[in-house]
Structures are given as C-alpha cells and as structure tokens.
Amino acid sequence: MNEQMTLGWREWCALPELGIPAIKAKVDTGAKTSALHTFGVEPFSQNGVDCVRFRVHPLQRNEQVVCECVAPVKDERVVSDSGGHRELRYIIETTVSIGDKSWPIEMSLTNRDTMRFRMLLGRRAMEEKVLVDPVASYLTGRKKARRMYGLV
C-alpha cells in the first residue's frame with residue numbers, strides 16, 4: 001500500500017483469515033494495539049506451534065452470531081486499557097480488510113463485552129497506511145452485516 005486511505009472514527013472491517021466477513025471497528029488513534037472482543041479463549045499447541053482458539057460475537061448487541069476462530073499466538077503482552085487496567089493478553093497477527101485494501105495487523109484478544117465496539121483499530125495497524133477524519137464515519141462504505149451473517 002503506497003497511498004494512504006482516509007478513515008472515519010468508525011469503519012466496517014473484515015478479518016478474512018478468522019472467517020469474520022464484517023465487524024464494526026472504532027478507529028482509535030489513542031490505542032497502540034488493535035483489540036478484538038473474544039470469549040472462550042483456549043490456548044493449545046499444534047505441531048509445536050502455540051495457538052489459541054477463541055470465539056467472537058462480531059455484531060454489536062447480538063449474541064446469536066458466533067464466529068469460531070483459531071490463530072497462532074504471536075506474543076503475550078501486558079496491555080493497559082483506557083481505564084489504566086493492565087491485563088496479560090494473547091497477541092495474534094491477522095489480515096484486516098477495509099474498503100478495497102488489506103494488510104497484516106497485530107491484534108490483542110480480550111473481553112470487550114462492556115464496550116460499544118467489538119474491535120479497536122489501533123495506531124500501529126494504521127501507521128503509514130491511514131489518515132483519520134475524526135468527524136466522519138464509514139468512509140469506506142457500509143456493509144450489510146446482518147445479511148452477511150444470514151440474519152435477513
């Protein structure tokens with residue numbers, strides 16, 4: 001990606017390697033690392049590689065839709081949330097797709113049940129790729145997410 005894309009403060013993303021065709025993300029320049037709402041997180045080893053199995057509710061205010069995901073563990077790090085609470089989290093690397101662009105990002109796995117957005121797109125994921133217009137939303141288009149998950 002040579003040309004920077006402009007995003008609003010919230011955008012629709014896809015995480016194709018995780019089987020998530022649509023998830024609304026808060027574009028958060030205050031967060032260093034991207035974060036994904038997960039539950040049922042289970043570490044395991046496969047052929048000598050540390051992996052993690054987890055589930056995601058990709059749609060806000062909807063617990064019917066569940067995506068079951070598996071990814072290699074890239075790291076474990078202590079991450080501070082917006083309230084200053086520190087938590088040891090699994091870090092994975094996966095591809096994010098926004099609009100017509102895709103690139104690899106690091107993502108921490110955590111429970112975001114009390115948060116409005118199931119995903120945060122942090123500044124490390126945006127470096128040299130993204131400009132943010134803080135008053136705009138969905139500059140890359142809206143997705144028919146309910147339809148994508150078979151709810152309509």
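N47 is exposed, with a relative accessible area of 79%. That makes a handy way into this structure, which is a predicted model. You'll find N47 in the loop that links β5 (39–46) to β6 (49–56).

Y138 belongs to the loop between β12 (130–132) and α2 (145–148). Is Y138 buried or exposed? Y138 counts as buried because its relative accessible area is 9%, and the cut-off for buried is under 20%. N47, on the other hand, counts as exposed because its 79% is over the 50% cut-off.

| Residue | Relative accessible area | State |
|---|---|---|
| N47 | 79% | exposed |
| Y138 | 9% | buried |
| V41 | 33% | partly exposed |

So, on to V41. This residue sits in strand β5 and is partly exposed, with 33% relative accessibility. Which residues does V41 touch, if you skip those up to four places away in sequence? The contacts of V41 are V52, R53, F54 and Y90. Take R53: 12 residues separate R53 from V41 in sequence, yet their C-alpha atoms are 5.7 Å apart in space.

Now for strand β4 (residues 34–37). S34 and L36 point one way from this strand, A35 and H37 point the other way, and all of them are buried. In a regular strand, side chains alternate between the two faces of the sheet. Strand β4 has two pairings to look at. With strand β10 (residues 101–110), β4 pairs in the parallel sense over four bridges, and M107 in β10 is the bridge partner of S34. With strand β11 (residues 119–121), β4 pairs in the antiparallel sense over two bridges; there, L36 stands opposite M119.

L36 and M119 turn up again in the largest nonpolar core. That core has 36 residues, and the ones that touch the most other members are L15, L18, I20, L36, F54 and M119. Which strand gives this core its largest share? Strand β3 (residues 20–27) does, with five residues.

Let's finish with I20. Leaving out residues up to four places away in sequence, I20 touches A14, L15, V56, P58, C67, C69 and Y149.

Note on methods: Residues numbered from 1 in each chain as written. Predicted model: local features only at pLDDT ≥ 70, side-chain atom pairs only at ≥ 80, totals over all residues. Heavy atoms only, no water. Core = buried A, V, L, I, M, F, W, Y, C linked by side-chain atoms within 4.5 Å. Buried < 20%, exposed > 50% of the residue type's maximum accessible area, 1.4 Å probe, protein only. Contact = heavy atoms within 4.5 Å. Pairing = 2+ DSSP bridges.
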